[in-house]
Amino acid sequence: MRQWIAEIAYETTSGPKRASEAFFLPTVDDVRNAISKKGGYVISIRPHERSPMERLLARSSWWQVQLLRGIQFRAHSASPGVALWKIIQAETNPRRQNILTPAREALARGLGVIDALKALQIFDRGTLAILSASERANRLAEGIPHAIQSITQKRKNARAVAGTMSWLVFDVFSIVSSLFAGKPMVMKWFRENPPTDPDELDKFERVVGNLELTWDVLIWTAVASGAFLGWCMVSFWLNRGKKDWPTARIVRKIPLVGGYLRDLGFSDSTVACARMIRGLVPINEALEQASEATNSPDVVSYWERANYDLNRGIHLGSALDHEPLTRAERLELASLSDLDQVATVMESIADMRAAAAKTKHSLIVWLAFALTGVYLALAMGSAIYALTVMNMSMDSIMGGLMEGAM
């Protein structure tokens, strides 16, 4: 399902009339059929592309929270689908109207509120899982505060990481820019003022070569790291909501970061599963929906394997008791006897995974500080070393001048 923009010609009593309309359908052929049923003639059909400003607004957590609060407020007097429809109809900002068009088209075709929210492609999978679990349990209005809390917590984590990384990047940029600007002048001075003593000249050239190599390594390491970090940020921003893409696979291979993302995925999916179980959603559907709540392949594989084992007739506790759960989590699952206990254990696992993710988050921040400190120490040490080399050259020059004067 995707949004299409079609240029259409209609026959009217006053002659042909041209119009531009949006459609939310799977393929171009479906759009052509829909236009034919309306009595129109296709001029052109193109996939809808959001402008940069629309993408920025759609990705804004503030706007996401406002949209969910609007649904929650109106859902007290109407169904969630009607509440979302009223929000879309009341919107007057052109950019927001364009962002909300896929949801309007989905609702107009009779799809549910969760399908409409998925069509917007602005929420992450964890948030959608919480909303979907609450909707399946007929408690969407009660689940929205939990979704808002999830969005807010992730925004706080993102701000903490962004603030830390911004400070570290500023420090590294200051040092790198100094090295990049000062290196040509320093190296030029060294080459123009070598020692006159042959023994010292050999040592001097070796030392200057090592210094130049050290500075090149420091500069290009910082440039490569900055380019990789920028590429990751842009890629995650543009691919937000997708299940998997190359950058995500590369990032997950980073040991500590991969574990952090896996813990977040377990926390989101187990919360969603627990809410569906408490809402009396069939256990196989709950497990299937839990696998849709995360982008982490390890977590998705866990839920799919559990659902497969359950369908084979294996006891629920045994179906859930496998990797990548920790020993403590597996011990809790081993004593299950009814679904109420499953929900309680799932909530406990979600809390443990959230705590583990918070710990890994702190470790990532402190490790970034430590690596930056090492980098700055190397940069400052090489600068001091350059002064030592300069003194070596100056001493040789002064010695030559003294010998010439005598």
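Ser132 is buried, with a relative accessible area of 6%, where buried means under 20% relative accessible area, exposed over 50% and partly exposed in between (1.4 Å probe, protein chains only). This serine lies in helix α7; helices (H or I, at least four residues) and strands (E, at least two) are DSSP runs, numbered from the N terminus. Leaving aside residues up to four places away in sequence, Ser132 touches Ile114 and Gln289, contact being heavy atoms within 4.5 Å. The model described here is predicted, so local features need pLDDT of at least 70 and side-chain atom pairs count only at pLDDT 80 or more, while totals for chains, interfaces and linings use all residues. Residues are numbered from 1 along each chain as its sequence is written, and side-chain values use heavy atoms, with hydrogens and water left out.

Val65 counts as buried because its relative accessibility is 5%. Not counting residues up to four places away in sequence, Val65 touches Ile148 and Ile151.

The largest nonpolar core has 30 residues. Such a core is a set of buried Ala, Val, Leu, Ile, Met, Phe, Trp, Tyr and Cys residues joined through side-chain atoms within 4.5 Å. Those with the most contacts inside the largest core are Leu67, Leu68, Leu84, Leu117, Phe123 and Leu131. At least two of its residues are supplied by each of α3, α4 (80-90), α5 (94-108), α6 (113-120), α7 (125-136) and α8 (140-192). The largest share, six residues, comes from α6. A second, separate core of 29 residues includes Ala129, Phe266, Ala293 and Ala319. In soluble globular proteins, nonpolar side chains tend to be buried together.

In α4, Ala83, Leu84, Ile87 and Ile88 are buried. Seen down the axis of α4, the buried residues fall within an arc of 135°, so they line one face of the helix; the arc is that of the directions from the helix axis to the C-beta atoms. An α-helix has 3.6 residues a turn, so residues three or four places apart point the same way. The face of α4 turned away from its buried side carries the exposed residues Gln89 and Ala90.

Aromatic pairs come next. Rings of Phe, Tyr and Trp (its six-membered ring) pair if their centres lie within 6.5 Å; planes under 30 degrees apart count as stacked, over 60 as edge-to-face and the rest as tilted. By this rule the count comes to three aromatic pairs. Phe266 and Tyr302 have ring centres 5.4 Å apart and planes at 65°, so this pair is edge-to-face. The pair links distant parts of the chain, with Phe266 in helix α11 (residues 255-278) and Tyr302, 36 residues apart from it, in helix α13 (residues 297-311). Both Phe266 and Tyr302 are buried. Together with Trp303, Phe266 and Tyr302 form one aromatic cluster.

Thr270 also lies in helix α11. Thr270 counts as buried, at 1% relative accessibility. Its contacts, not counting residues up to four places away in sequence, are Trp303, Met346, Ile349 and Ala350. Just after α11, Leu280 takes a positive phi of about 65°.
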